[in-house]
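Biologist: I want to learn how to read a protein model. Can we start with the whole chain and then pick one residue?

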Amino acid sequence: LNETMRHHMEWMRFLLKNFDDGMKKKGYDEELKGYVKEGSGLGDWLTFRGRDTWLTHQSFYMAAARCIAYISAKLGQSNELSEMDDLAKSVEGRIARIYLKNGKDYFTPPEAAGGNLSPGPEMSLFSRVVPGEKRCTVLRNYFRREGHTWPGSDEKNFLNSIDDDYLKEMITTGEVSKRGKDWSMGWSQWQGFNEGILAVKYSLKTLSDNGFHNVALNKASGFGCGSFEYMLSHNATTMWESWWRSEDLYSHNHPMLGASAEWMVSSVAGVGLHPKTTGGSTVLFWPRFPNSANVLEFAGATQGTRRGDFSIAWKFEDLPDNRDLYASASVTVHIRLFVPPDGKSVLRIPEYSNGEGVDASMKYATSVPNLDEALMLSSEECLSRRDAKMGFSYNFEFSNKTRLFSKVERKKAIGTPCHSFLFHSTLDDTTWGETKTVTGISTNGIEVPLVAGLYDILVSNWQLRPEVATSNGRIGSIPDYFKSEDVGPYCADSDTFDWNIEDASHLI
């Protein structure tokens, strides 16, 4: 970094000299007068919505300055640090001033017609651009966003090539609704994805990090156009480049929308690099759980680092036999963590849904069992399950004879669920030390530093509850959230109001 720093500074000073004039040449008014749809340049590619190119340009300009400020801090270069930090804060202030000036606290362009662009407020919430005193209000208003019908040509062709019985089924589930006089598929804000290459990350991470992990899970486990289910139902085995079907333009094997993968590991399972770490030296364990066990019952993941592999697994225990009670029962959450030798980590204890800290019991293995054996046997058992095709169970097929699509029940290997090796039966005889109680607090959870070893944690009396309904079916907003005065403790956590110079995760 010392060798290349002057080149970074040359680039930033070039931007400082030319960025604002360049934006004017692209047609962006300084106060965004008349800005109601995307301009040219950098944007949230392949979103269902229009692209907020002004916000994307400004945010990446801010992030570049933050990056150089971050590097300058590591190198002890105070002059460069001050210059770039001031620039970053100036751009951050510009975004906040313009996106709040209409007084609605939606954190969108000032003219009403520009309020449905992407990214929405999620990127600015994640990157600490929304002022602290406005965060809870902006988060609440985020849930006003709605989906819409979609006039995609391949979707139209599909609807024209299915039988009436299945069309009725799609109408009943809300996957299809009226667009004018015709039936049309639609994209959802809260039960699927509408975001493009940039906002996918911010929508999921912002929801999970701010106490609405259940909504992020609903997006990822949704159905219909703009969902993983939609891709799988059309025989996808790799991610598509677009959320909609494209048989003649966009790729069917492309990482375009793959930011969801990092969220699955860091938020759904609960292991990721600590925001203030360097070189992956410290890992954050932060498991978050669904409202309802109907959405998810267990998860696990491993984060590799140069210090070794950090692993986590959690599962609901004491689930009732009657699945009708999966959204109302009180259960135990069983968590296991492994910190490798020479590893450093922090466990962020989860909170109850009302924002109150949990009381968790924790015990430590007196000696580390044979985890390599558990991993090998667990992998073999998972492979057997995949060979038995216990995953996604259907797809659509086109008949040349009838000229219609039909839904075919067919077992698949892809999507086969498997438990983590941390819960393998070979670890049942592990010798554990004294059980200790970790008492939660009601502000923003409690963080516990962990040394190397294997941990077993139980969270008792975890209350499952039904999901909150959207308005207007699948493509509606979530009134229960934007009308509520209580959006949880996370958005009000003053520690996350401002970007921290040690934080590489929230640069943008």
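This is a predicted model: local features need pLDDT of at least 70, side-chain atom pairs count only at pLDDT 80 or more; totals for chains, interfaces and linings use all residues.

Biologist: What does the secondary structure of the chain come to?

Modeller: The chain has 13 helices and 15 strands. Its radius of gyration is 24 Å, close to the 23 Å that the globule rule gives for 508 residues, so the chain is as compact as a globular protein of that length. Along the principal axes, the C-alpha atoms fill a box of roughly 70 × 70 × 45 Å.

Biologist: How much of the chain is buried?

Modeller: Buried residues are 52% of the 508. The surface counts too: the chain exposes about 23200 Å². Carbon and sulfur atoms supply 50% of that area.

Biologist: Which share of the contacts comes from residues 24 or more positions apart?

Modeller: Take the contacts with a separation of 6 or more. Residues 24 or more positions apart account for 72% of them.

Biologist: How far apart are the mean positions of the positive and negative charges?

Modeller: They are 5 Å apart. The chain has 55 positive and 66 negative charges.

Biologist: Now the single residue. Where is Ser59 found?

Modeller: Ser59 sits in helix H2, which covers residues 53-75.

Biologist: Is Ser59 buried or exposed?

Modeller: Buried means under 20% relative accessible area. Ser59 has 3% relative accessibility, so Ser59 counts as buried.

Biologist: Which residues does Ser59 touch, not counting those up to four places away in sequence?

Modeller: Ser59 touches Ile95, Met123 and Ile508.

Technical notes:
Residues are numbered from 1 along each chain as its sequence is written. Side-chain values use heavy atoms; hydrogens and water are left out. Helices (H or I, at least four residues) and strands (E, at least two) are DSSP runs, numbered from the N terminus. Buried means under 20% relative accessible area, exposed over 50%, partly exposed in between (1.4 Å probe, protein chains only). Contact means heavy atoms within 4.5 Å. The radius of gyration is taken over C-alpha atoms; the globule rule is 2.2 Å times the number of residues to the power 0.38. Accessible areas come from the Shrake-Rupley method with a 1.4 Å probe; for residues, only the protein chains shown count as cover. Lys and Arg count as positive and Asp and Glu as negative; His and the chain ends are not counted. The place of a charge is taken as NZ of Lys, CZ of Arg, CG of Asp or CD of Glu.
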